[in-house]
Amino acid sequence: MNTWAPFEWITALRFLREGRMQTLFIVAAVAIGVAVIVFMSAMLSSLQANFIKRVLTSQPHIQLIPPDEIARPLRTSTRTEIVSPIVQRPAQRIRSIDQWQKIRAALSEWPEIVTVSPTMSASALAVRGDASRSITLTGIDPEVYFRIVRIPEYIVAGQPRVQTDDIIVGLDLAKDLGVALGDKLNVTSATGGARVLTISGIFDLGNKGANMRTTFVALRTAQALSRLVGGVTSIDLTVPDVYAAETIALAVQSATGVEADSWIKTNAQFFTAVNAQQTSNTLIRVFVGLSVAFGIASVLVVSVIQRQKDIGILRAMGSSRGQILRVFLVQGGLLGFLGSIVGAAMGGGAYMFWHSYLRQADGSEIFPLIFEPSLYVNAVLLAALTGVAAAAVPALRAAKLDPVVAIRG
Amino acid sequence: MADVPEVLRLEKVCKSYNVGQPVEVEVLHDIDISLKRGEFVALIGPSGSGKSTLLNIIGLLDRPTKGRLFIEGHETSKLDDAATTALRGHSIGFVFQYHYLISAFTALENVMMPLLVEHSFPDERMRARAHGLLDQVGLAQWENNLANNMSGGQQQRVAIARSLAMNPALILADEPTGNLDTKSADSVFEMMRAVNRSQGTTFLVVTHNMDLARRCDRTIEVIDGRIGTLAPANEVEPHQ
Ligand SMILES: Nc1ncnc2c1ncn2[C@@H]1O[C@H](COP(=O)(O)OP(=O)(O)O)[C@@H](O)[C@H]1O
Ligand SMILES: [Mg+2]
């Protein structure tokens, strides 16, 4: 008999130990339920973390873009009657953000913003001999831009360098055009500017579409090519609190009057998917939790009937209703606790197995292994609490038992 | 005898079952009993006469429908559940017919149980006391056996040791030897008698064994829920 445990704990442990099979089965049931929850949650958060990390290292958290050009219906001079009711959406020209230098200076002062990077994007044609491909020219200030989009991490050949006549291209574009590092590329913008650029670096973003279209040049080069000297088509921002991006974007928008889109908005689909997953995850948790609770409750209901005589003896020995109540509450809590310890270990093991099983062709891991201690601790705490709650009804029955009835059996 | 304190007094105790229902039955009628400290009393009577019901009421496991019950001078009808439980734990020890030990515990732990219930945390003193009590009933070397791994007579002796743990004023035994062979019955009875003599504990023992009843200080007979004769055993059934 352990001297550190009080009567209720000693008795609860002994009762559980004596009821071997019952205890074993319900612990197994709780363990399986908890393992499913733990595995699922670990897997989902790993996938999410991985996706978010990818998004956040290849996209600005917030992007300021010039407003769309819109056409208004033509009205009479009195401004009441519409002369031409059919309004076509105008083709969008490349336009600069008004007074972007001022906006950049202002936003740089914001404590919630870390990086402010003006960029100039334009469509262009890359020509090499007979081959030509349409590309997106992204004019950047590498100093700040590479802090947002980690191109240096994706460079497979050359340097992440963009001087006036440099261009960084994707692996697939280089292959398609048959060019290598140091080769020259004829670039003609949609607005007519043309220039010969030297390939200074080749990157692999792991996505064929991106590798085909995306190219990086110096901001001035892009401005010159698109005939928009001194202009920028977007201002890219990063923020320390990525989940506050949408709120900050709204604040930026109202402060500057320029449309600001957060990554949360541009990846709305992802968040819809995450929310749907989270909803189903929550539903699964609730139902697994309920079945665990009912399992523990039913085992204890039976136990109270089986232990009627023991309860009667304990009452005759002077134990109070409260003590009897606690003996059964503790049993419920212990069943939840023991089951969830085993279950958390099983779930964690399954997650590790899944992680080691899911490898890229070259054997490297697709996702980082993320162990969030809080997931396991919470699962165990919650299961123990569920056990105590589930024990409430049987424990009350045990406590209410009339000692005479209990003794008679 | 007059200055010996009273351990137990019943005044016109009645017990009815199914109170308020169409077939209410009164199984105990106007029971008056008084036990003094150190008495060893046999409670006899035919089966179904109400002995167990009476013992459960005296043991505060059940409540009388009418009448008053005094344990060591405390009037019990006004006590709430917690106070009743406390009085039961301190003043009364039980020995039941079917040697009700708790099978999840060892002999020693069963004897410790009343102390553990009272003090919550086990300690060396409790262990030593339980050991001493088991020694007193001759079972010290069996103390680590689980309750179920002992013979009926041994279990009943453990139960006696347990009933002594709190040093109660009154021990109630409901047919403690009813399930034992003659030899074990005799040794269990003598054990209780020895405790009674050495510690002055009051005993109220239900038995069907007239031989044992005769060896008590006096005999109370219950017939159809009434006290039959209130006289020393040798007056009920004179020695030959
Ligand atoms: N819970 C109960 N409900 C109704 N009648 C009962 C109950 N318990 C005992 N009785 C009745 O009370 C009477 C006395 O029973 P009991 O005290 O067990 O007798 P004894 O112990 O002398 O054999 C019996 O007639 C029995 O049927
Ligand atoms: Mg009986």
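**Notebook: pockets in a predicted model**

I started with the largest pocket: 32 residues line it, and A:Ser58, A:Gln59, A:Val149, A:Leu205 and A:Ala210 lie nearest its centre. A pocket here is an open set of points, on a 1 Å grid over the protein atoms alone, where a 1.4 Å probe fits, with protein on both sides within 12 Å along at least five of seven lines; lining residues have an atom within 4 Å of a point.

Residues are numbered from 1 along each chain as written, chains are lettered from A and ligands numbered from 1 in written order, and side-chain values use heavy atoms, leaving out hydrogens and water.

Next I looked up the volume, about 840 Å³, meaning the space filled by probe spheres set on the points, which are joined across faces, edges and corners.

Where does the largest pocket lie? Domain 1 (4–55 + 271–408) and domain 2 (100–238) of chain A both give residues to its lining, so it lies between them. Those bounds come from an automatic or database domain assignment.

Helix α2 (residues 20–58) of chain A gives the largest share of that lining, four residues. Helices are DSSP runs of H or I, at least four residues, numbered from the N terminus.

Then I checked the second largest pocket, with about 570 Å³ of space. It has 24 lining residues, and A:Ile37, A:Ser41, A:Arg285, A:Leu375 and A:Leu382 lie nearest its centre. Here α11(A) supplies the largest share, ten residues.

Conventions
This is a predicted model: local features need pLDDT of at least 70, side-chain atom pairs count only at pLDDT 80 or more; totals for chains, interfaces and linings use all residues. Helices (H or I, at least four residues) and strands (E, at least two) are DSSP runs, numbered from the N terminus.
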